[in-house]
Amino acid sequence: METKQKYAIGLDFGTDSCRALIVDVGNGKERATGVSFYPRWKAGLYCDAQSNRYRQHPLDYIEAMKDAVHIAVSQLSPEETKTICGVCFDTTGSTPALTDASGTPLALLPEFREEPDAMFVLWKDHTAVREAEQINVLVKKLGADYLMYEGGTYSSEWVWSKVLHIINTNEKVKNAAYSWVEHCDWITGLVTGNTIPEKMFRSRCAAGHKAMWHERWGLPSSDFLKELNPHLAEMRLHLYSETYTSGTCAGHLTTEWAEQLGIPAGIAVSVGAIDAHMGAVGASIAPKVLTRIIGTSTCDIMVAEKDEIGDRCIEGICGQVDGSVLPGYIGFEAGQSAFGDIYAWFKNILSWPLKFISDEKVKQQIQDNILSELTDAAQRSTPSINSAVALDWMNGRRTPDANQNVKGIIAGLTLGSSAPDIYRTLVEATAFGSRRIVEHMQSQGLHIESVNAIGGISKKAPFVMQTLANVMNMPIRVIRSEQACALGAAMFAAVAAGIYPDISKAILHMGSDIEAEYLPDPEHVERYDALYRKYLELAKLAEKIN
């Protein structure tokens with residue numbers, strides 16, 4: 001097993017940017033990185049927060065990918081560049097787009113280049129709430145098994161809801177749509193020259209967690225889809241029955257894309273996956289370890305031995321899929337629909353008067369300091385049973401029991417409540433939501449002995465992380481890698497390239513270590529137990545009024 005001077009590339013397509021990470025496959029050293037923001041997304045194009053519409057143009061992905069890879073490769077010598085042996089992609093999910101018969105997203109066709117419904121529908125797009133309910137009602141009506149391994153509830157954040165919404169509301173796009181594709185599958189197909197919908201390698205991770213795929217039945221039946229919309233049944237003919245775990249070689253980098261990216265042609269391209277699942281691998285996930293990917297939202301990932309789970313179905317989560325994280329293990333997903341987005345929302349609320357300031361430099365300086373000043377003030381206060389309490393459902397609820405109709409609440413405010421008090425309440429709300437997920441998973445028989453954290457907030461927000469440890473009453477370890485999702489992707493690229501026989505060996509040699517650990521403060525734990533009970537009561541109330 002020769003690994004000397006070989007490198008793999010992990011490409012992480014996040015909500016705002018693409019990150020390229022070049023990793024030494026022998027020891028996991030992160031040799032070079034490049035980050036490129038999506039230009040159209042950054043300009044706010046094709047999105048409408050009021051209607052919960054969030055769309056991304058495929059050109060954003062293409063342009064940012066090329067830019068990020070070039071930035072990273074520019075840090076290597078020509079000799080080092082020649083040793084790159086594989087590449088793998090992770091993306092947000094579910095982030096699908098409708099395609100033509102060649103597998104081209106419709107937004108890349110001239111007639112649809114400015115049509116949001118022809119673009120990729122970002123994970124946090126909630127325009128398909130009604131369609132998700134249609135799916136849930138039909139599953140219940142027919143007594144179908146399709147949600148057995150999806151936690152029991154289908155979400156508006158997932159592919160069938162989104163595709164159904166578009167073909168229900170946009171006749172022109174519907175008539176042009178031949179099939180659909182998840183972002184992680186399309187970008188892999190693009191660089192290997194294999195985008196034909198019926199032939200493209202499809203990720204087990206995306207298919208199992210988001211598309212109701214299971215090895216027992218494949219995708220939902222044509223009869224089931226036809227009852228939702230006949231066009232869905234037609235699309236099913238142009239989709240897939242087989243799926244593949246990451247680490248499987250999906251093909252090799254074409255000469256065209258090698259030239260555009262500036263890396264060797266013919267290198268292995270691994271089957272991709274959803275970013276959180278790749279991040280869990282980058283964080284060296286193992287049974288009984290909960291990996292939390294903490295950013296604009298959160299994803300909670302676990303794995304368990306097949307023998308431990310048997311035929312049990314874990315209810316109220318975002319799916320359990322054989323091989324979605326580690327081949328040979330059952331992967332579990334849960335999470336919160338908003339986390340850092342809630343802090344950003346509050347910052348934007350406070351920033352509203354700044355629009356009257358003409359000096360852009362001064363305005364930006366104030367905006368940049370708002371959260372740090374709020375944090376400094378908030379962490380000087382002490383939680384008590386009389387504190388305000390908030391519900392972290394500003395973007396709906398992902399787990400437990402997905403429901404995008406519920407709304408956030410802040411209760412217990414007085415005329416004495418300050419901005420730092422409210423900010424602290426919001427931080428506590430996201431921590432309470434996290435605890436609720438852990439308790440739910442434990443109640444379903446999943447064993448959680450420790451928590452690992454990755455993502456921007458885990459690195460940049462010690463106050464948030466300490467609050468999480470206090471509320472959850474368990475240690476939280478922060479993984480050192482700045483790009484854990486891309487690191488996980490690079491590990492799978494090394495497996496696809498034949499450097500390692502399986503991902504467990506890649507993790508052993510390439511895994512990141514622990515950077516920091518947050519331990520619960522016993523005094524705060526007791527206070528937060530009382531506040532958490534108020535949070536649970538508020539959640540019950542919210543269910544009734546939403």
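I worked on a predicted model, where local features need pLDDT of at least 70, side-chain atom pairs count only at pLDDT 80 or more, and totals for chains, interfaces and linings use all residues. Residues are numbered from 1 along each chain as its sequence is written, and side-chain values use heavy atoms, with hydrogens and water left out.

**Count.** I took a salt bridge as a side-chain nitrogen of Lys or Arg within 4 Å of a carboxyl oxygen of Asp or Glu. That rule gives 24 salt bridges.

**Asp 60 and Arg 40.** I looked up this pair and found its closest N and O atoms 2.8 Å apart. Asp 60 sits in helix 2 (residues 58-73) and Arg 40 in helix 1 (residues 39-42), 20 residues apart. Helices (H or I, at least four residues) and strands (E, at least two) are DSSP runs, numbered from the N terminus. I then checked burial: buried is under 20% relative accessible area, exposed over 50%, partly exposed in between (1.4 Å probe, protein chains only). Asp 60 is buried at 1%. Arg 40 is buried at 18%.

**Arg 216 and Asp 145.** Here the closest N and O atoms are 3.4 Å apart. Arg 216 is in the loop between helix 8 (204-210) and helix 9 (222-228), and Asp 145 is in the loop between helix 4 (129-142) and helix 5 (159-169), so the bridge ties together parts 71 residues apart in sequence. Asp 145 is partly exposed at 34%.

**Lys 288 and Glu 449.** I read 3.8 Å between the closest N and O atoms. The two residues are 161 residues apart. Lys 288 is partly exposed at 36%, and Glu 449 is exposed at 59%.
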